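Welcome to this short tour; please have your viewer ready. We will go from one selection to the next and say what is there.

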Amino acid sequence: MTRMSVFNSPLLLGFDHFERVLDRVSKTQAEGYPPYNIEQIGEHRLRITLAVAGFAEQDLSVATEDNQLVIRGKQQCDDGQKIYLHRGIASRQFQRSFVLAEGIEITGAHLDNGLLHIDLERPMPEPVVRHIKINCAPPASEPMVSEPRTIDLSPERRPR
């Protein structure tokens with residue numbers, strides 16, 4: 001089955017990387033562990049909060065890989081000394097990824113009462129206006145004609 005793309009328009013030049021990002025996002029797992037929130041904490045600031053109860057700071061890693069924020073959790077192995085009558089607290093490893101837009105910066109991460117907070121910021125770039133000079137000369141790919149061409153229109157040279 002062929003998928004129709006909204007980025008096939010000739011008016012959208014150079015946006016093909018957005019299509020690849022959308023494909024990557026749609027292929028990520030829809031698993032809900034660990035649960036998370038995303039909140040806006042300022043005009044250009046966001047915070048991702050993951051519920052990581054039972055994970056210590058050394059069990060967690062936060063990294064950026066290409067344009068993805070990747071959070072991994074892996075608890076140290078049980079020493080086998082504990083005997084559980086019921087084990088309802090999840091202690092499985094996880095990996096949660098978020099695709100980041102260009103320019104998003106991770107400003108910090110901290111663990112507080114079983115919640116991992118990751119702060120992000122999008123610095124707003126100053127708009128840049130660039131004027132392009134219009135030349136009357138032909139482009140460099142076309143040969144330059146140094147002398148005007150003359151066409152002989154005498155009666156003996158005219159095509160019949």
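Which residues have the most contacts inside the largest nonpolar core? They are Leu50, Ile71 and Phe94, in a core of 15 residues. A nonpolar core here is a set of buried Ala, Val, Leu, Ile, Met, Phe, Trp, Tyr and Cys residues joined through side-chain atoms within 4.5 Å; buried means under 20% relative accessible area, with a 1.4 Å probe and protein chains only.

Before selecting anything else, a word on the model. It is predicted, so local features need pLDDT of at least 70 and side-chain atom pairs count only at pLDDT 80 or more, while totals for chains, interfaces and linings use all residues. Residues are numbered from 1 along each chain as its sequence is written, and side-chain values use heavy atoms, leaving out hydrogens and water.

**Cartoon view.** Colour by secondary structure and you will find 1 helix and 7 strands, in the order α-β-β-β-β-β-β-β from the N terminus. These are DSSP runs: helices are H or I with at least four residues, strands E with at least two. Of the 160 residues, 18% are buried.

Now select β2 (45-51), together with β4 (68-73), β5 and β7 (115-121). Each of these strands supplies at least two residues of the core, and β7 gives the largest share, with 3 residues.

**Isoleucine 71.** Centre on this residue and show its contacts, meaning heavy atoms within 4.5 Å. Beyond its neighbours within four places in sequence, isoleucine 71 touches Leu50, Phe94 and Ile118, among others.

**The aromatic cluster.** Next, select Tyr33, Phe55 and Phe94, which form one aromatic cluster. Rings of Phe, Tyr and Trp (its six-membered ring) pair if their centres lie within 6.5 Å; planes under 30 degrees apart are stacked, over 60 edge-to-face, and the rest tilted. The structure holds 3 such pairs. Tyrosine 33 sits in the loop between α1 (16-27) and β1 (36-42), and phenylalanine 94 is in strand β5 (residues 94-99), 61 residues apart. Phenylalanine 55 and phenylalanine 94 are also edge-to-face, because their centres are 5.3 Å apart and their planes at 85°. Both of these phenylalanines are buried.

How values were computed. Buried < 20%, exposed > 50% of the residue type's maximum accessible area, 1.4 Å probe, protein only.
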